[in-house]
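Here is a short briefing on one protein chain. Keep the structure open as you read, and look up each residue as it is named.

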Amino acid sequence: MTHPDSFNPILLQRISNRISETPQQRITFAEFMELALYDPEQGYYATNQVQIGVAGDFFTSPHLCPDFGELLAEQFLDMWRVMGQPEPFTLVEMGAGQGLVAADVLKYLATRKQSAEASDDYAAFWTALRYIIVEKAEGLIEAQQRLLQPFQFSSDKVQWMGFGQLPETGIVGCFFSNELVDALPVHQFVVQDGALQEVFVAVDAASRTFTEVMTSPSTDRLAEYLVEQDINIGTGYEDGYRSEINLAALDWLKTVSQKLDWGYVLTIDYGYLAPQYYSPQRLQGTLQCFRRHGAHQDPYAYLGHQDITAHVNFTALEKQGIALGLTSMGYTQQGLFLMALGLGDRLVANNNTSDIAQLNEVIRRRETLQALINPLGLGGFQVLIQGKGLNEKEQGQVLKGLQMP
């Protein structure tokens, strides 16, 4: 028996109604995932059901310590320097969660600009900086605004906008995201008789449960996508093989590239390159659901009360970027990225204490910093940086986070 608080009955009815409105009584898995996560009133991210943090459904790098955001701030400063210190320099954070990265970036830069040890660059960067948060989940916007309010920044320093409210073109700076693309709705497919079949979602009226239907794809873009990734499901893929295709990620990057005139796109997330993503041995794809730090693969359980994600295909983002006129600046692991930005120095500095009373704090901080670079955890996340409108000199400069030690 399903516990009454383990799913959202209103959301169940909304999705059921949407399915019944369609001629064939089914919707794509991508539409189901969109409604489950982002329905404006009842979706997981649109309500206060979303629980992010050590005690919630899942946690991200900035939940561990402010160092993640502080080191990102150093990368943004480096980008601004490479570009010749343009003003304004706009940071557009897409999917800001509870606002922790924004708070850590802004607090760090605001503090550094007042430090006697800091170069004048920090003060000049602070003057040039504009920070825009793109977030469509109302519950998260409220959390972000509460967190950022105590910093009392000027009204034009931090702004909230929808994607559609951003200028169509002309933004100079950096669009960045941390664990955004994995939450974009994905199409699911299966291999049957060596052919591509899409997973659709229907509803069983008697039991009021969702069921899956496998049939011809809803769009030719699915087959085209696999061809573009050099994946031939007719060879080496057994019947029942199942995986995901994230068309929304391609559309997202297209929008970003249109709005960015000059600067960078920084994407941090968990994922693979296409050969690993679509390995014939990865029989069930990468779709995962998270509830109270428990991971499972049933997207129909705990409807509206769980996160649904899929790993990111970074080859697709790179290829889409090139097609849109973006330059691939570099691709690395989060652990290496943060080490290049100075996390190693922080580890060394943390060990320099002779006060036995501080030993527990030293150990705790060391464990926290190491968690950010652990290749089996957050350190194994991938980092992709793409450029737009950069001249030959700017393209030739290796960004700080991509430099080898």
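**Backbone points to check**

Arg 208 sits in the loop between E7 and E8. This is a predicted model. The notes below start with the backbone, then turn to rings, charges and helices.

- Phi of Arg 208 is near 55 degrees, which is a positive value in a residue other than glycine.
- Arg 208 counts as partly exposed, because its relative accessibility is 44% and that class runs between 20% and 50%.
- Asp 193 also has a positive phi, near 55 degrees, and is not a glycine.
- The loop between strand E6 (187-192) and strand E7 (195-204) holds Asp 193.
- Asp 193 counts as exposed, because its relative accessibility is 72% and the cut-off is over 50%.
- Glu 87 and Pro 88 are joined by a cis peptide bond, with omega at about 0 degrees.
- Pro 88 is found in the loop between helix H4 (67-82) and strand E2 (89-94).

**Aromatic rings**

- The whole structure contains 18 aromatic pairs.
- One of them is Phe 32 with Phe 210, an edge-to-face pair.
- Phe 32 and Phe 210 are both buried.
- Phe 32 also pairs with Tyr 300, and this pair is tilted. Its centres are 5.0 Å apart, with 55 degrees between the planes.
- Again, distant parts of the chain are linked: Tyr 300 is in the loop between strand E13 (294-296) and strand E14 (307-309), 268 residues from Phe 32 in helix H2.
- Why does Phe 32 count as buried? Its relative accessibility is 0%, and buried means under 20%.
- One aromatic cluster is formed by Phe 189, Tyr 237, Tyr 241, Tyr 272, Tyr 277 and Tyr 278.

**Charges over rings**

- Lys 136 places its charged end over the ring of Tyr 38, 4.4 Å from the ring's centre.
- Lys 157 lies over the face of Trp 126, 4.6 Å from the ring centre.

- Helix H9 (residues 247-259) and helix H11 (residues 314-323) have axes that come within 10 Å and cross at roughly 40 degrees.
- H9 and H11 are therefore oblique to each other.
- Their crossing is right-handed.
- On the H9 side, the contact residues include Leu 250, Trp 252 and Leu 253. On the H11 side, they include Ala 316, Leu 317 and Gln 320.

Note on methods. Residues are numbered from 1 along each chain as its sequence is written. This is a predicted model: local features need pLDDT of at least 70, side-chain atom pairs count only at pLDDT 80 or more; totals for chains, interfaces and linings use all residues. Side-chain values use heavy atoms; hydrogens and water are left out. Rings of Phe, Tyr and Trp (its six-membered ring) pair if their centres lie within 6.5 Å; planes under 30 degrees apart count as stacked, over 60 as edge-to-face and the rest as tilted. Buried means under 20% relative accessible area, exposed over 50%, partly exposed in between (1.4 Å probe, protein chains only). Helices (H or I, at least four residues) and strands (E, at least two) are DSSP runs, numbered from the N terminus. A charge sits over a ring if NZ of Lys or CZ of Arg is within 6 Å of the ring centre and within 35 degrees of the ring normal. Axes are lines fitted to C-alpha atoms, for helices over the stretch in contact, and angles run from 0 to 180 degrees between N-to-C directions. Angles under 35 degrees count as roughly parallel, over 145 as roughly antiparallel, 65 to 115 as roughly perpendicular and the rest as oblique. A crossing is left-handed if the near helix is turned anticlockwise from the far one by less than a right angle, and right-handed if clockwise. Contact means heavy atoms within 4.5 Å.
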